[in-house]
Amino acid sequence: MVQSQTDIATPAEIEAICARFDDDPHRMLDILQEVQTRFRCVSPEVMEVVASATGLTRVAVDAVVSFYSFLSDAPKGRVTIRLCDDIVDRFSGLDAVIAAFEAELGIKVGQTSGDGAFSLEVTACIGMCDQAPAAMINDVVLTSLTAERVRDLVTQLKEGVDPGLLIGSRYYEKPPQDRIRDAVRNNIRRAGAVLLGPVPADSGLKKALQMRPEQVIDIIEDSGLRGCGGAGFPAGKKLRHATQNDSTRRFVFCNADEGEPGTFKDRVLLTERAHLMVEGMTVAARAIGAEEGLIYLRGEYTYMRDHILAVLDDRRARGLLGRNIMGMEGSHFDVRLQMGAGSYVCGEAGALISSCEGLPGEPKGRLPLPTERGYLGLPTVVNNVETFCHIARVMDRGAEWFRGMGTDTSPGTKLFSVSGDCLNPGIYELEYGLTLAELLDMAGAPEAAAVMVGGPSGTIIGREHFGRRLVFGDLPTGGAVMIFGPHRNILEIVDYYMGFFVHESCGYCTPCRVGNVFLHKAVQKIRAGQGKQADLDYIREYSATIMETSRCGLGQTSPNPILSTLKNFPLLYSAMLKGGGDRTQPTFDIQDAIEEARSIAQRRSYIFDRDFTQ
Amino acid sequence: MSGDSFTFTIDGVEVTATPGQTIMEAADAAGIYIPRLCDVEGLRHQGGCRVCTVKASGRSAAACTQPAAPDLVVDNETDHLNTMRRHLVEMLFQEGNHLCPVCEASGNCELQAMAYRLEMVEPFRFPGLEPCRPVDASHPDIALDTNRCISCGRCIRASADVDGKGIFGYVGRGIHRRVAVNGSDLAHTDADINDHAVSRQVCPVGCIIRKREGFSIPIGEREYDHGLIGDEGDSE
Ligand SMILES: Cc1cc2nc3c(=O)[nH]c(=O)nc-3n(C[C@H](O)[C@H](O)[C@H](O)COP(=O)(O)O)c2cc1C
Ligand code: SF4
Ligand code: SF4
Ligand code: SF4
Ligand code: FES
C-alpha cells in the first residue's frame with residue numbers, strides 16, 4: 001500500500017528482488033510482479049538486469065512482460081484504475097462510470113496522467129458480475145459504481161487517500177477476511193448441504209489421514225465427483241492417473257484463476273471456504289503422495305491475497321500444513337501462493353503450469369497430460385477451487401451421501417454464478433439436474449430472453465431451451481449463468497465476446513490467433529448492416545476450422561458465441577443481412593463493387609471502408 | 001530410439017514407427033509427405049501453424065507433435081483436411097503483408113508454395129491486417145522484416161538450440177505476438193551471417209534477409225518453380 005520513495009530502479013534494487021527468489025527463472029512472474037508494483041513498470045533496462053540475474057536472454061524476459069496484461073514496459077500511474085469492461089458492466093452503466101473517471105482525472109482510457117499519478121484502463125471480467133460495474137484501484141476492488149460515487153472517489157484519491165481506505169476508514173486495521181468481505185459482497189442466495197451450509201473444520205482431512213492413499217482415491221472415485229472448472233473430468237480418475245508413474249515428486253495445484261466471464265463462485269469460496277479448499281488440497285496430496293502444492297490466484301483477486309496467506313499461515317501454525325500433518329508421521333504437505341497477472345488463458349491447466357514455471361501463459365500440447373508430465377515435467381494434479389472443496393466434504397461424509405444428491409451422471413451440488421438481467425444476482429448452491437427455467441425463477445428473471453450458460457466458451461440459448469437441465473450431457477457449465485432481457489442486443493454480446501477471445505488468445509497457433517480476428521470482423525460487418533449470406537458461410541467454415549485445428553480449449557470453443565446464436569437466433573442474423581437475406585436484389589453498393597478488386601490487391605480503400613476500424 | 005517398433009496406417013498405407021516418434025517423423029521416414037510450415041528437419045517441434053493437422057483415429061491432431069501409436073488410423077490427404085489447411089494458409093497470408101511479385105523469397109517461399117499446393121485461388125473475403133512494422137536493417141549482413149512473419153518460430157529454435165545464442169524470441173500476446181531480437185536491434189545482438197538461424201533453410205518466408213544475396217537465383221530456377229512443395233522427390 002505504501003508508494004515507493006523513488007520510481008527509478010537501480011540495478012542493485014532489481015538484483016535484490018531477483019535474489020529474494022533465488023535468481024530462479026521459474027519465479028519470473030513473481031520477480032516481475034514485484035518490480036512492477038515497486039517501480040510501476042519493467043523497463044527494457046530492467047529486463048536486462050533481470051535477464052542476467054536469472055540466466056535468461058532479455059527477449060525471454062520481454063516475452064513474459066509483454067504477455068501479461070498487468071505487466072508493462074512503460075510506466076503506469078501510481079494509482080492504476082482498471083475498469084471491468086465485461087458486457088454485464090456495459091449493460092449496468094459502465095459508460096457513465098468511464099465518462100466520470102475521464103472527466104475527473106482529465107485522461108482517457110488507456111492513458112496515464114502527465115504527473116504519473118493516475119492510469120485509467122479497461123480490463124476483461126474481474127469476477128464481480130453480480131455487482132457491476134466494478135473496478136480495481138491498484139489491488140483494491142470497488143463494486144456497484146455510479147458516476148456520483150466516482151466523483152467522490154477521485155476527489156479522495158487526488159487528496160492522496162490510500163485506495164484501501166475508500167472501502168472504509170478502518171480498512172487496514174481489520175483482519176484480512178473482514179477486509180475482503182467489506183470490499184465485495186458475497187451475494188449467497190442459496191446455501192446447499194455440501195459447500196455453503198455449515199461445514200465442520202478438517203474432519204475430511206482427519207479421515208483421509210487414517211486411510212491408505214488408495215482408499216482415499218477409491219472414495220472420491222466412488223462419489224462420482226466431476227471437476228467444477230468446466231470440463232467435468234472425474235476427480236477420482238485424475239488422482240489415480242497421477243499415481244501411475246514412478247515419480248517421487250508430485251504436485252497438487254489449485255486453479256483459482258476464475259477467468260471465464262460471468263463466473264464468480266470461486267471468489268465466494270475463497271472468501272468463505274478457503275480452509276475447506278486447502279483441506280481438500282491436503283486430502284488430494286495424501287491420495288497421490290504429493291508434498292508440494294500451489295494455489296494459482298488470478299491477478300484480479302489480489303485483494304484476497306493477504307486473506308489466503310493468513311489462512312495458510314494459520315494452518316501451518318495449527319499443524320494442518322507442513323511436516324507431519326495432524327501428527328501423522330511422514331505426512332508432509334505445504335502450499336505456495338502464485339499470483340497471476342491478467343490473462344484468461346492461464347486458467348487452462350497447461351497454460352497455468354507454464355505461468356507457474358515463469359513462462360508466458362502458453363498451453364502445453366494435449367499430450368502428455370499434466371498428471372503424467374506437468375509442473376517442471378513432474379506429475380501434477382490441477383483442480384478447480386470448488387472441486388477441492390467437494391473433495392474435503394466427500395471425505396467427511398462419504399461417497400454415498402454425495403451421490404444421494406444431483407443426478408447419476410452429475411452427482412452432488414454445484415455453485416452457479418448468476419448475473420445479468422435478474423432481481424437476485426449471486427451464488428446459488430443447488431443439486432445438479434434442475435432446469436434452467438427453475439434457476440431463472442429463483443433468480444427472478446421472468447423476462448429472460450437469452451441466457452449464456454458456461455460463459456462465452458459455452459452456449460447462448462433462447463427461451464425454447466430454458467427447459468433443459470443443468471447437467472453434464474445437456475447444459476454443462478463451470479457455473480456461469482448470464483441472463484439477458486429482451487431489450488438486449490444479442491449481436492452486441494457476440495461482438496463483445498469475440499473481441500474478448502481475440503484479446504485473450506495466447507497467439508501460439510494460427511487458427512486461434514488469426515482466425516478469431518476475422519470472425520470478429522465478420523460479426524462487426526454483420527452488425528453494421530453490411531453482411532451478406534456469403535459472410536455467414538464464411539463464418540461457419542472458418543469456425544469449423546478454428547475449432548478443429550486449435551491447440552487448446554480456448555480456440556476450440558472461441559467461435560461458440562457466434563455459432564450458438566446463429567443456431568438459436570437465426571432471424572437476428574438474417575434480419576441484419578443486406579437485402580434482408582432473401583432473394584431480393586440489393587441495390588448498388590460501392591463496397592460490393594470494389595470488393596473483388598480490393599481482395600486481389602489485398603489493399604483497403606481508406607475512402608470507402610467504413611466498416612473496418614483497423 | 002528404443003523399444004519395439006510398431007505399425008499404423010496413413011491414408012491406408014502401412015507405416016512403421018518406433019516409440020516416441022511423432023506421426024510426422026514416421027511419415028517422413030516412410031516417404032509420405034504431410035503438409036507443414038512451422039516444422040523443419042533438425043529443429044524441435046513447435047506445433048503452432050496447425051497446417052499438419054491430420055485425423056488420427058477420428059480425432060484431429062497436429063502430426064508434428066502427436067506421438068504415433070500402434071494401429072492408429074491416420075487420414076492425411078482428404079478434402080476436408082486440405083480445406084482446413086487452405087484456411088490456415090489464408091489466415092497466415094491475411095495476418096502479414098505479402099506482395100509476392102516484389103518479394104525476394106518468391107519462388108523459394110514455403111508459404112507461397114503451400115498456397116499453390118493447396119490450390120488457394122479464391123480472393124480473400126476480408127482485407128488483410130497489413131502490419132507496418134519497421135524493417136530492422138541495422139546489421140551489416142542481415143535484415144529482418146517481420147511483416148511477412150508466419151510465427152513458425154524456426155529462427156527462434158535454430159538460434160537457441162543449434163547456435164546456442166537465443167537471438168530471436170516471441171514477444172506479445174495473441175494477434176500482437178511477433179518475433180523480436182535479443183537487443184535493441186539486430187546490430188546489437190550476436191547475430192552472424194554464418195548462424196544456422198539465418199541460413200536459407202530456416203525462415204520459410206522472406207523475413208530473414210541475407211543482404212546482397214537477394215534475387216540472385218533467376219525466376220524459373222527457384223526451389224518451387226519446378227513442382228509443388230512436398231512433391232520434390234517425385235518430380236524427377
Ligand atoms: C481457456 C481456458 C480457461 C480456463 N479457465 C479455467 C479457470 O479459470 N478455472 C478453472 O478451474 N478451470 C479453467 N479451465 C479448465 C482447466 O483447463 C482445467 O480443466 C481445470 O482446472 C481442471 O479442474 P477441474 O477438473 O477440477 O475442473 C480453463 C480451460 C480453458 C481452455
Ligand atoms: S488455441 Fe489460442 S490460446 Fe490455445 S494455444 Fe492456440 S492460440 Fe493459444
Ligand atoms: S514471404 Fe512468401 S508469400 Fe509472402 S510475399 Fe514473400 S513470397 Fe509471397
Ligand atoms: S522470422 Fe521467419 S523463421 Fe522466424 S518465426 Fe518468422 S517466419 Fe519463422
Ligand atoms: S507443422 Fe505441425 S503445427 Fe506446424
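Which residue is the bridge partner of Leu83(A) in strand 2 of chain A? The bridge partner is Val122(A). The model is predicted: local features need pLDDT of at least 70 and side-chain atom pairs count only at pLDDT 80 or more, while totals for chains, interfaces and linings use all residues. Residues are numbered from 1 along each chain as its sequence is written, chains are lettered from A and ligands numbered from 1 in the order in which they are written, and side-chain values use heavy atoms, with hydrogens and water left out.

Strand 1 of chain A spans residues 79-84. Helices (H or I, at least four residues) and strands (E, at least two) are DSSP runs, numbered from the N terminus. Six of the six residues of strand 1 are buried, so the strand is largely enclosed by the rest of the structure. Here buried means under 20% relative accessible area, exposed over 50%, and partly exposed in between (1.4 Å probe, protein chains only). Val79(A), Ile81(A) and Leu83(A) lie on one side of the strand. Thr80(A), Arg82(A) and Cys84(A) lie on the other. Both faces are covered.

Strand 1 of chain A pairs with two strands, pairing being defined by at least two DSSP bridges between them. Strand 2 of chain A (residues 118-123) runs parallel to strand 1 and is joined to it by six bridges. Strand 3 of chain A (residues 135-137) pairs with strand 1 in the antiparallel sense, over three bridges. In strand 3, Ile137(A) stands opposite Ile81(A).

Helix 6 of chain A (residues 94-105) holds Glu102(A). Glu102(A) is buried, at a relative accessible area of 19%. Contact means heavy atoms within 4.5 Å. Leaving aside residues up to four places away in sequence, Glu102(A) touches Ile107(A), Lys108(A), Val109(A) and Leu120(A). Gly93(A) lies in the loop between helix 5 (87-90) and helix 6 of chain A. Gly93(A) is partly exposed, with a relative accessible area of 33%. Its C-alpha atom is 7.6 Å from that of Thr146(A), 53 residues apart in sequence.

Leu439(A) belongs to helix 18 (residues 436-443) of chain A. Leu439(A) is buried, at 1% relative accessibility. Residues up to four places away in sequence not counted, Leu439(A) touches Phe416(A), Val418(A), Tyr428(A), Leu430(A), Leu434(A), Leu470(A) and Val481(A). Leu470(A) is 31 residues apart from Leu439(A) along the chain, and their C-alpha atoms are separated by 9.2 Å.

Ligand 2 is surrounded by 13 residues. The closest are Cys506(A), Cys509(A), Cys512(A), Cys552(A) and Gly555(A). A residue is counted if one of its heavy atoms lies within 4 Å of the molecule. The shell divides into eight nonpolar, four polar and one charged. Ala, Val, Leu, Ile, Met, Phe, Trp, Tyr, Cys and Pro count as nonpolar, Asp, Glu, Lys and Arg as charged, and the others, Gly among them, as polar. The residues around ligand 4 include Cys149(B), Cys152(B), Cys155(B), Cys203(B) and Cys207(B). Its shell holds nine nonpolar residues, one polar and no charged.

At the interface, 49 residues of chain B are in contact with 52 residues of chain A. The two chains bury about 4300 Å² between them, 55% of it on carbon and sulfur atoms. Buried area is the accessible area (1.4 Å probe) that two parts lose on being put together, summed over both. Five salt bridges are found across this interface. A salt bridge requires a side-chain nitrogen of Lys or Arg within 4 Å of a carboxyl oxygen of Asp or Glu. The side chains of Glu548(A) and Lys55(B) meet in a salt bridge, at 2.9 Å from N to O.
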